[in-house]
Amino acid sequence: LTVFGNVSGGQATAQLSGTGSPAAAIVLNPLNLIFPSTTINATSPAQNITISNTSATAIALRTPLVAGNDFKITANTCVASLGPSTGCTVSITFTPTASGTRSGTFTITDDSGTQTASLSGIGTSPATDGLSPLSLTFAAQQITTISTAQQIMLTNSGDQPLTLIAAQITSGDFTVVRSEEVV
């Protein structure tokens, strides 16, 4: 690098050096697998990572691994040596063990080093209904008159919505007065 000075017409020179290295021979595609929201302990459809050898020579591969309890390799077409300009596929599923964002990593080691892809998904808890209180007691009531309404609250402590909600009375002396309140 030479820098010329304007004031005295002088110049300063610095030596530069470096070492070039070839591009990585093994390429992962994609580098991020994002799984759809999945109910806890249910298994998502598999998603694939393709491992490609972009070099002109065969490359040795080690066994692919996933880190993170929620992710599992379910299929692997890779063998110990990946030929030049070829690829193989690893299928991964997501089975969340807790609700919320879950993450992990996929790694495969080859002659050039370790290649890594990110894994993520969202675990959701199933719809869980609850009633409160579990029983109602009405005061003595004159026959053929209507008492004051009492409430039973239906709640959902899960991450997914409750569906097909219906209230039914098994005695002819009581009726349901439906009130919708979203909490």
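By the cut-offs I'm using, a residue is buried under 20% relative accessible area, exposed over 50%, and partly exposed in between. I'm working from a predicted model, so every value here is computed from that.

**Pro-36**

I started with Pro-36. Its relative accessible area is 44%, so I'm logging it as partly exposed. I found it in the loop between strand 4 (32–34) and strand 5 (38–39). Next I looked up its contacts, skipping neighbours within four places in sequence: Gln-47, Phe-94 and Ile-122 came back. I also took a C-alpha to C-alpha distance to Ser-120, and got 8.9 Å for a pair 84 residues apart in sequence.

**Core**

Which residues of the largest nonpolar core touch the most other members? I have Leu-28, Ile-49, Ile-51, Leu-61, Ile-92, Phe-106 and Leu-119, out of 20 residues in that core. I then listed the elements that give two or more residues to this core: strand 3 (26–29), strand 6 (47–53), strand 11 (87–94), strand 12 (100–110) and strand 13 (113–124). Strand 11 has the largest share, with four residues.

**Cis peptide bonds**

I checked omega next. The bond from Asn-29 to Pro-30 is cis, with omega near 0°. Pro-30 sits in the loop between strand 3 and strand 4. Ser-132 and Pro-133 are also joined by a cis peptide bond, and there I noted an omega of about -5°. Pro-133 belongs to the loop between strand 14 and strand 15 (153–156).

**Positive phi**

Then I went through phi for residues other than glycine. Ser-85 has a positive value, near 55°. I placed Ser-85 in the loop between strand 10 (81–82) and strand 11. Is Ser-85 buried or exposed? Its relative accessible area is 62%, so I put it down as exposed.

Thr-144 has positive phi too, near 70°. I traced Thr-144 to the loop between strand 14 and strand 15. With 79% relative accessibility, Thr-144 goes into my exposed column as well, because the cut-off is over 50%.

**Surface patch**

Last stop was the outside. I picked up a nonpolar patch on the surface made of Leu-131, Leu-134, Ile-152, Leu-154 and Ile-165. Together these residues have about 500 Å² of accessible area. I looked up one of them, Leu-131, and found it in strand 14 (residues 129–132).

Notes
Residues are numbered from 1 along each chain as its sequence is written. This is a predicted model: local features need pLDDT of at least 70, side-chain atom pairs count only at pLDDT 80 or more; totals for chains, interfaces and linings use all residues. Side-chain values use heavy atoms; hydrogens and water are left out. Patches are made of residues with over 30% relative accessible area and no salt bridge: like charges are joined within 9 Å, nonpolar side chains (Val, Leu, Ile, Met, Phe, Trp, Tyr) within 5 Å. Accessible areas come from the Shrake-Rupley method with a 1.4 Å probe; for residues, only the protein chains shown count as cover. A salt bridge is a side-chain nitrogen of Lys or Arg within 4 Å of a carboxyl oxygen of Asp or Glu. A nonpolar core is a set of buried Ala, Val, Leu, Ile, Met, Phe, Trp, Tyr and Cys residues joined through side-chain atoms within 4.5 Å. Buried means under 20% relative accessible area, exposed over 50%, partly exposed in between (1.4 Å probe, protein chains only). Contact means heavy atoms within 4.5 Å.
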